[in-house]
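Visitor: Please show me the structure, and let us then discuss some of its residues in turn.

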Amino acid sequence: MAREGAERPPEETLSLWKREQARLKARVVDWDTEAWQRDPDFSGLQRVGGVDVSFVEGDSVSACVSLVVLSYPELEVVYEECRMVTLTAPYVSGFLAFREVPFLVEAVQRLQEKEPDLMPQVLLVDGNGVLHHQGFGVACHLGVLTDLPSVGVAKKLLQVDGLEKSDLHKEKIRLLRAGEDTFPLVGGSGVVLGMALKSHDHSTNPLYVSVGHRISLEAAVRLTRACCRFRTPEPVRQADIRSREYIRRTLGSHGPPALRQERIQKAQRSEACPRGGLGEPEGEDRSPQDHSPDPGAELDEPSEAPRDSGNLKNRAVMMSVSTDQSLYRAKNTP
DNA sequence: GCGACAG
DNA sequence: ATCTTGTCGC
């Protein structure tokens, strides 16, 4: 029973969502709070988390939420969890968090219960941080609700506050050389909202990095860069790969019958070319050859004093942050 | 009708 | 997000 896509919520709901974003935005800390963030080599950083949500084709409410934790600097997966969920809110640009964040928070809570020692010291999130309509994208949202440092890594530019894919913007992209180049994304107010980062020598489209929570933009970009083996940073990439794989394993024998045949042929084609090249064909990092070698508190008054995000005492803070379910449930037309 | 549109 | 085909490079 693949339920059909949810419709756009009424203005009343969007209004409530905006208020919530404005309320939580006050809790965002956009500077470094951890010692490792200031260290040139990130010494002290040992665990980087990544989250992603993949969807079941033909079904806009069934999805797989995955949370992975990679060791740093090895970037090897030390924790992984995939879980099927039923989304309650539709996707509306600017309100991605209301669709995904409740499940991401739950994933972090389960990690806290099962393997507290593996709690990541920072989360890389697929989406924007402060580079957002209300200055509070999904990366900020998740960061604030969990009180974990977080970074927003988007694959497409969200055209907000004067930012646009103008010819000038495209020209700046063309000028990015080594796979480490960046240029600032300056909003209309003159504030730097994020950085465009050419994460890979052979990738055309840059990543759009912005502050999520408890980290400076400088450290956020440096960290993202340090986590990139391919175009997308490994934590996010691994979360993506594994959530997709989970859906394949789970719905492999069922799912949309009409599409199964092609799915099989695709799988066979992938196996035909086991080793992939380095380049990620034109911006996207979804090519069959893209497989890497292995398959696989009260923050009301932010203090300048660095806190250890790995300190489990802070996790209690997370539990205290309410996630009013009604706010994350789309009220569609009666 | 046209442009926008994180995931 | 998801789907698609081909193409380049090692």
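Visitor: Where is lysine 198 found?

Guide: This is a predicted model, in which local features need pLDDT of at least 70, side-chain atom pairs count only at pLDDT 80 or more, and totals for chains, interfaces and linings use all residues. Residues are numbered from 1 along each chain as its sequence is written, chains are lettered from A and ligands numbered from 1 in the order in which they are written, and side-chain values use heavy atoms, with hydrogens and water left out. Helices (H or I, at least four residues) and strands (E, at least two) are DSSP runs, numbered from the N terminus. Lysine 198 is found in the loop between β7 (192-197) and β8.

Visitor: Which side chain of opposite charge is nearest to lysine 198?

Guide: Lys and Arg count as positive and Asp and Glu as negative, while His and the chain ends are not counted. A salt bridge requires a side-chain nitrogen of Lys or Arg within 4 Å of a carboxyl oxygen of Asp or Glu. Lysine 198 is buried (under 20% relative accessible area; exposed is over 50%, partly exposed in between; 1.4 Å probe, protein chains only), yet has no salt bridge. At 6.4 Å, the nearest side chain of opposite charge is that of aspartate 201.

Visitor: Is glutamate 81 buried or exposed?

Guide: Glutamate 81 forms a salt bridge with lysine 114, with the closest N and O atoms 3.4 Å apart. The pair joins strand β3 (residues 77-86), which holds glutamate 81, to helix α3 (residues 96-114), which holds lysine 114. Lysine 114 counts as partly exposed because its relative accessibility is 47%. Because its relative accessibility is 8%, glutamate 81 counts as buried.

Visitor: Why does aspartate 126 count as buried?

Guide: Aspartate 126 forms a salt bridge with lysine 155, the closest N and O atoms being 2.8 Å apart. Lysine 155 counts as partly exposed because its relative accessibility is 26%. Aspartate 126 counts as buried because its relative accessibility is 18%.

Visitor: Which residue of β8 stands opposite valine 153?

Guide: Strand β5 (residues 150-154) has five of its five residues buried, with Val151 and Val153 pointing one way and Ser150, Gly152 and Ala154 the other. Strands pair if DSSP finds at least two bridges between them; β5 pairs in the parallel sense with β4 (residues 122-126) over four bridges. Five bridges join β5 to β8 (residues 207-213), and these two run antiparallel. In β8, the residue opposite valine 153 is valine 209.
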